[in-house]
Amino acid sequence: MTAALPPIIGLTASQTLQGEAKEWFTELRSFLFSVLGVDGTAATALATLGAPFSGYTSKTSAFSIVDSDRGKTFDVTSGTFSVDLLSAATAGASFQVSIRNSGSGVVTINPNSVETINGVATLALAQDEGAILVCTGSAWVTIGLTQVDTAAIPKAANVQKFTSDGTWNKPTGYGANAVAHIHVT
């Protein structure tokens with residue numbers, strides 16, 4: 001594969017021969033394949049470029065996010081296990097991946113080494129929760145922590161029952177702007 005675009009002079013020189021033009025177009029095609037994928041479909045191009053939400057994979061056991069996962073969505077369909085993020089320096093600023101927990105367990109997302117996610121060491125996604133994870137270049141943040149099914153009843157791990165005045169304690173891994181939804185019966 002060609003590492004860079006072929007120089008335009010190879011096509012525009014005043015004495016460019018047909019064979020030279022064909023060679024230039026062959027190099028251009030090789031470059032485009034390396035950037036956009038080889039089958040010519042929009043889906044492959046988006047996945048190759050790492051466009052947000054460009055791929056979907058279901059998981060049932062522990063895994064590590066790698067550089068080629070840029071833009072992918074992972075749906076955890078069963079189990080309780082960890083997902084390890086690649087280092088923020090390797091991922092680079094703006095690397096993003098989304099993780100959805102549609103299974104019955106808890107998925108713990110682990111940043112690399114001493115890095116953080118939303119300022120804490122790990123992020124736990126309970127059943128029916130998901131998050132878009134974005135790398136800042138030195139740490140990880142979430143764009144949103146959401147319930148996959150907005151009609152789902154919150155799980156016991158994230159529920160506090162009050163029978164009188166009390167204090168709501170934010171669950172570990174939630175950002176500073178986490179809010180409580182209070183239902184009075």
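## Overall make-up and confidence

The chain has 185 residues, and 31% of them are buried. It contains four helices and nine strands. Along the sequence these elements follow the pattern α-α-α-β-β-β-β-α-β-β-β-β-β. Of the contacts with a separation of 6 or more, 47% are between residues 24 or more positions apart.

The mean pLDDT of the chain is 81, with 76% of the residues at 70 or more. Where pLDDT is low, the predicted coordinates should not be read in detail.

## The four-stranded sheet

Four strands form an open sheet with mixed pairing, in the order E2-E4-E6-E7. E2 and strand E7 (123-125) are the edge strands, each pairing on one side only.

E2 and strand E4 (residues 81-84) run parallel and are joined by two bridges. Here Phe-63 stands opposite Val-83 in E4. E4 in turn runs parallel to strand E6 (residues 107-110), with four bridges between them. At this step Ser-82 has Thr-108 in E6 as its bridge partner. E6 and E7 run antiparallel and are joined by three bridges. Thr-108 also takes part on this side, where the residue opposite is Ala-124 in E7.

## Strands E5 and E8

E5 and E8 form an antiparallel pair with six bridges. Strand E8 covers residues 129-135, and six of its seven residues are buried, so the strand is largely enclosed by the rest of the structure.

Asn-101 belongs to strand E5, and its bridge partner in E8 is Glu-129. The relative accessible area of Asn-101 is 0%, so this residue counts as buried. Asn-101 also lies 5.9 Å from Asp-75, C-alpha to C-alpha, although the two are 26 residues apart in sequence.

## Helix H2

Helix H2 spans residues 18-36, which makes 19 residues. From its first C-alpha to its last, H2 reaches 26 Å, close to the 27 Å expected at 1.5 Å a residue. Just after H2, Gly-37 takes a positive phi of about 95°.

Which residues of H2 are buried? They are Ala-21, Trp-24, Leu-28, Ser-30 and Phe-31. Helix H1 (9-12) is included in what covers the buried residues of H2.

## Aromatic pairs

The model has three aromatic pairs. One of them is formed by Phe-63 and Phe-74, whose ring centres are 5.0 Å apart and whose planes are at 40°, a tilted arrangement. This pair links distant parts of the chain, with Phe-63 in strand E2 and Phe-74 in strand E3 (residues 72-76), 11 residues apart. Phe-63 and Phe-74 are both buried. Phe-63 has a further neighbour in Lys-59, whose charged end sits over the Phe-63 ring, 4.9 Å from the ring centre.

Another pair is Phe-95 with Trp-140: the ring centres are 5.8 Å apart and the planes stand at 90°, so this pair is edge-to-face. Phe-95 lies in the loop between helix H4 (88-91) and strand E5 (96-101), while Trp-140 lies in strand E9 (residues 140-147), so the pair ties together parts that are 45 residues apart in sequence. Are the two residues buried or exposed? Phe-95 has 0% relative accessibility and therefore counts as buried. Trp-140, at 1% relative accessibility, counts as buried.

Terms used: Residues are numbered from 1 along each chain as its sequence is written. This is a predicted model: local features need pLDDT of at least 70, side-chain atom pairs count only at pLDDT 80 or more; totals for chains, interfaces and linings use all residues. Side-chain values use heavy atoms; hydrogens and water are left out. pLDDT is the predictor's confidence in each residue, from 0 to 100. Rings of Phe, Tyr and Trp (its six-membered ring) pair if their centres lie within 6.5 Å; planes under 30 degrees apart count as stacked, over 60 as edge-to-face and the rest as tilted. Buried means under 20% relative accessible area, exposed over 50%, partly exposed in between (1.4 Å probe, protein chains only). A charge sits over a ring if NZ of Lys or CZ of Arg is within 6 Å of the ring centre and within 35 degrees of the ring normal. Two strands pair if DSSP finds at least two bridges between them. The expected span of a helix is 1.5 Å times one less than its number of residues. Contact means heavy atoms within 4.5 Å.
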